[in-house]
Amino acid sequence: MSTQSQSTHPQSRQFHSTQLQATPLQRSTARTEDGRPLKQIHLAAHFPGVNHTTVWSDGNQASQVAFSSFRHFAQNAERGKFDFLFLAEGLRVREQKGLIHDLDVVGRPNTTAILAAVSAVTRHIGLVGTLSATFNEPYELARQLASLDHVSGGRAGWNIVTTSDAFHGENFRRGAYLDPADRYRRAEEFLDVAKQLWSSWADDAVIADAAAGEFVRPGAVRSIDHHGPQFDVTGRFTTPVSPQRYPVIVQAGDSPDGRDFASQNAEVIFSRHSEYEAGRQFYSDVKGRLDAVGRDRDSLKILPAATFILGDTADEAAERSREVGRLQISPQTAISFLEQVWGTDLSGYDVDGPLPATDPVEDTAGIARGRVRQFADPVAVSRAWRQQSEAEGLSIRELVISFAAKHTFVGTPAQVAETINRHVQNDASDGFVIVGHTSPTGLDEFVDTVIPELQERGVYRRDYDEGATLRQTLGLPTPVPLRAREKGMGSAAVASAAGSAAPGVSAGATTSASGDTADGASTVVLAHSAPASTAR
Ligand SMILES: Cc1cc2nc3c(=O)[nH]c(=O)nc-3n(C[C@H](O)[C@H](O)[C@H](O)COP(=O)(O)O)c2cc1C
């Protein structure tokens, strides 16, 4: 299908399952009621960790650090033709009341090391790591990501997060933490510097000409000279241009600033809006922001996190969902959720009883530290929870289960496939980041049963394109270096363009590498060309 066709109005592509059944196996001819090609679904596989979703006490659970777990998980996801493997990041072990919060999976090996190792035991699946722009340095991270792109043959992706609390900062930053707005300014400058570095080697820089005694073509590796509010980076980059030139840029952040950052920079958003109506609102908001900055709507894929529970019948799945929910929200976990809002020790409360009648207090002791989930207005949240528990007759534990262990897709494989497809065809998302509840086998059943259902509906690839980069697998446009322009950030000046288009990709805007400018500074600005391949 053409990705161009996806950029049309959402309302005109209402999805009807009866139509799909008419042409179950013919992907290219499967169409919506008004004759448009169906959108192709993109899926990512989230390796579990650092939250209550993964039931580590389950008998099927294996190590979350042994390489055998990552290998099984990645190879299974590749069997299911997933677009990419996804790792979240926790830079500090979380605490509850000053103790390590070991109700969830605790401890995580370094992201790029794991992804590099996984690249050696897979061939096609993308490898996306969450790496903070607040607690890293662009030169070092650009090196790691370019290296991952090299060793994986063009399958690297970077989920650029700003990390939400100062607790992490005690491990990483000299001095104070950053205000939310500054975090995005830093992320912007971080990405700008990284792109300068990734663009600084011409495609044909390495000539290894023994006769001439030249390894690198003169003038083909430029220096950068960046001075900005956050970073000073001067010199040449260590790493030749990688297969994708840039990793695929993913973003996870929800505020207006976060959405603006995504609309300017991201190619994928990892969102928390997996429910149908909330998903449609988020989708329409973000795609509208793309319009405002002149980007094609298909140049950014929106993939909310989604959990699932399967059964042979809808009733059986619902029953399993209830069972898994109770495993995910143990009595202690339920209390820990409450404490994050009430800001005080609630361990004396009965989880089978009502919520505290008192309002939350200011959490001066830092009762829960290191969590992404933050409650901006604890009093409002506590009142809403109390109201809901009274209206629905829910105990503390049942209330927590209702929002923290509510599984996104529950049903038979056919029902789950149908629901996923409904979300995608009606622009509630472009696909999902699928999260299982055991590790590392949590997605095996999904691959065995849901994936074939999606394939039969003609909305999901039956195989990868041989040699495709992650960006091509996602059906995203290829970024190409354009002629430089003023960035207005730091003192990086207008200079020569970086060289030709991304390796192996023919692009319209081919430029020559002319070496450093007089002041040694050079900036390359990237734009998005036509899609490198159609979405599959
Ligand atoms: C779905 C989602 C997943 C996130 N995952 C991570 C993560 O793995 N590591 C991290 O440091 N921050 C993570 N964050 C935090 C964001 O990077 C960001 O700091 C936070 O959401 C605050 O920004 P915002 O106000 O724009 O949402 C995540 C945020 C969202 C919405």
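**Close-up views of a predicted model**

**View 1. Surroundings of Thr 130.** Beyond residues up to four places away in sequence, Thr 130 touches Leu 87, Ala 88, Glu 89, Thr 111, Asn 159 and Val 161. The model shown is predicted. Thr 130 sits in strand S5. Thr 130 counts as buried because it has 20 C-beta neighbours inside 10 Å, and 20 or more is the cut-off. An unreviewed UniProt entry lists Thr 130 under "binding site", along with Tyr 184 and Ser 255.

**View 2. Surroundings of Tyr 184.** Tyr 184 lies in helix H6. Its contacts, not counting residues up to four places away in sequence, are Thr 162, Asp 257, Gly 258 and Phe 261. Tyr 184 counts as buried because 21 C-beta neighbours fall inside 10 Å.

**View 3. The largest nonpolar core.** This core holds 97 residues. Ala 44, Leu 85, Val 433 and Ile 434 touch the most other members. Helix H6 (residues 180–198) gives the largest share, eight residues. Apart from this core lies another, of 14 residues, including Ala 334, Ile 335, Leu 338 and Trp 342.

**View 4. Contacts of Val 433.** Neighbours within four places in sequence are left aside here. Val 433 is then in contact with Ala 44, His 46, Phe 86 and Phe 270, and also with Leu 303, Pro 304, Ala 305 and Ala 306.

View 5. Domain 1 covers 3–314 + 409–477, and domain 2 covers 330–404. Their centres, taken over C-alpha atoms, are 31 Å apart. Domain 1 brings 12 residues to the contact, and domain 2 brings 14. On the side of domain 1 that touches domain 2, strand S3 (95–96) and helix H5 (166–172) are the elements giving two or more residues. The residues on that side of domain 1 are two nonpolar, five polar and five charged.

**View 6. The whole chain, for orientation.** The protein chain contains 15 helices and 18 strands. Of its 536 residues, 49% count as buried. Among contacts with a separation of 6 or more, 77% join residues 24 or more positions apart.

Note on methods. Residues numbered from 1 in each chain as written. Predicted model: local features only at pLDDT ≥ 70, side-chain atom pairs only at ≥ 80, totals over all residues. Domains from an automatic or database assignment. Contact = placed C-beta atoms within 7 Å. Helix = DSSP H or I, 4+ residues; strand = E, 2+ residues; numbered from the N terminus. Nonpolar A, V, L, I, M, F, W, Y, C, P; charged D, E, K, R; others polar. Core = buried A, V, L, I, M, F, W, Y, C linked by C-beta atoms within 7 Å. Buried ≥ 20, exposed ≤ 12 C-beta atoms within 10 Å, placed from the backbone. UniProt positions renumbered as here; feature names shortened; annotations may be inferred.
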